[in-house]
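Please consult both while reading the points below.

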Amino acid sequence: MMLYFARKKTGFFVKGDDLMSDFPQILKTLRRSRKVTQSKLAEALGYGCTAIANYESGRTEPDIDTLLKIANFFEVPVGSLLERENKIYKIDEEVEFVIQKFSQLDREKKDYLLYTLNIL
């Protein structure tokens, strides 16, 4: 499976082999199982209420930083937000480490890193 970052108006997001196709349902199920409202989750993440509704409807996809925030909020591994029925995308420790470090970079360093990776 090819995993790459792409630039979109809303920021960087993960794409590849429909990796995010089940994310809306997973987020909705997880949020409801924890008895968290869309408003409460949006507030915790620092977003407007419609952001969560858009993620759950599949209208928009979260960027990598938002995926990390959601995983941290629910105290679950990032990979569990990308599970599919009969197929689980597991993120190994090295990839998890890279994602964590990437999320800590400022915008200029993220852009530079992504530019460098695209050259490879």
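The following points cover confidence, overall fold, core, selected residues and local geometry.

The model is predicted: local features are given where pLDDT is at least 70, side-chain atom pairs count only at pLDDT 80 or more, and totals for chains, interfaces and linings use all residues. Residues are numbered from 1 along each chain as its sequence is written, and side-chain values use heavy atoms, with hydrogens and water left out.

**Confidence**

- The mean pLDDT (the predictor's confidence in each residue, from 0 to 100) of the protein chain is 78, and 75% of its residues reach 70 or more.
- Strand S1 (residues 4–8) has the lowest mean pLDDT among the elements, 35, whereas helix H2 has the highest, 95.
- Residues 1–17 have pLDDT below 50, and this stretch has 45 contacts in the model beyond near neighbours in sequence; a contact means heavy atoms within 4.5 Å.
- Residues 85–89 also have pLDDT below 50, and their stretch has nine contacts beyond near neighbours in sequence.
- Where pLDDT is low, the predicted coordinates should not be read in detail.

**Overall fold**

- The protein chain has six helices and two strands; helices (H or I, at least four residues) and strands (E, at least two) are DSSP runs, numbered from the N terminus.
- From the N terminus on, the order of the elements is β-β-α-α-α-α-α-α.
- Of the 120 residues in the protein chain, 36% count as buried; buried means under 20% relative accessible area, exposed over 50%, and partly exposed in between, with a 1.4 Å probe and protein chains only.
- Among contacts between residues at least 6 apart in sequence, 55% join residues at least 24 apart.

**Nonpolar core**

- The largest nonpolar core has 22 residues, of which Phe23, Leu27, Leu41, Ile70, Phe74 and Leu81 touch the most other members; such a core is a set of buried Ala, Val, Leu, Ile, Met, Phe, Trp, Tyr and Cys residues joined through side-chain atoms within 4.5 Å.
- At least two residues of this core come from each of helix H1 (23–33), helix H2 (38–45), helix H3 (49–57), H4 and helix H5 (93–104).
- The most is given by H4, with six residues.
- Leu27, in helix H1, is buried at a relative accessible area of 0%.
- Beyond neighbours within four places in sequence, Leu27 is in contact with Leu41, Tyr55, Glu56, Ile70 and Phe74.
- Leu27 and Tyr55 are 28 residues apart in sequence, with 7.9 Å between their C-alpha atoms.

**Helix H2**

- Leu41, Ala42 and Leu45 are the buried residues of H2.
- Viewed down the axis of H2, these buried residues fall within an arc of 100 degrees, so they line one face of the helix; the arc is that of the directions from the helix axis to the C-beta atoms.
- The buried residues of H2 pack against H1, H3 and H4.
- Leu41 has contacts with Leu27, Arg31, Val36, Ile52, Phe73 and Phe74, leaving aside its neighbours within four places in sequence.

**Buried polar residues**

- Glu56, in helix H3, is buried, with a relative accessible area of 9%.
- The side chain of Glu56 makes a polar contact with the side chain of Arg31 at 2.5 Å; a polar contact is a pair of N or O atoms within 3.5 Å, where within protein one must be able to donate a hydrogen and the other to accept it, and residues adjacent in sequence count only if both atoms are side-chain atoms.
- Leaving aside neighbours within four places in sequence, Glu56 is in contact with Pro24, Leu27, Lys28, Arg31 and Gln38.
- Thr66 lies in helix H4 (residues 64–74) and counts as buried at 1% relative accessibility.
- Thr66 is in contact with Tyr47 and Tyr55, leaving aside its neighbours within four places in sequence.

**Backbone geometry**

- Most residues other than glycine have a negative phi.
- Lys35, in the loop between H1 and H2, has a positive phi near 55 degrees and is exposed at 71% relative accessibility.
- Glu75, in the loop between H4 and H5, has a positive phi near 55 degrees and is exposed at 71% relative accessibility.
- Gly46, which follows H2, has a positive phi near 80 degrees.
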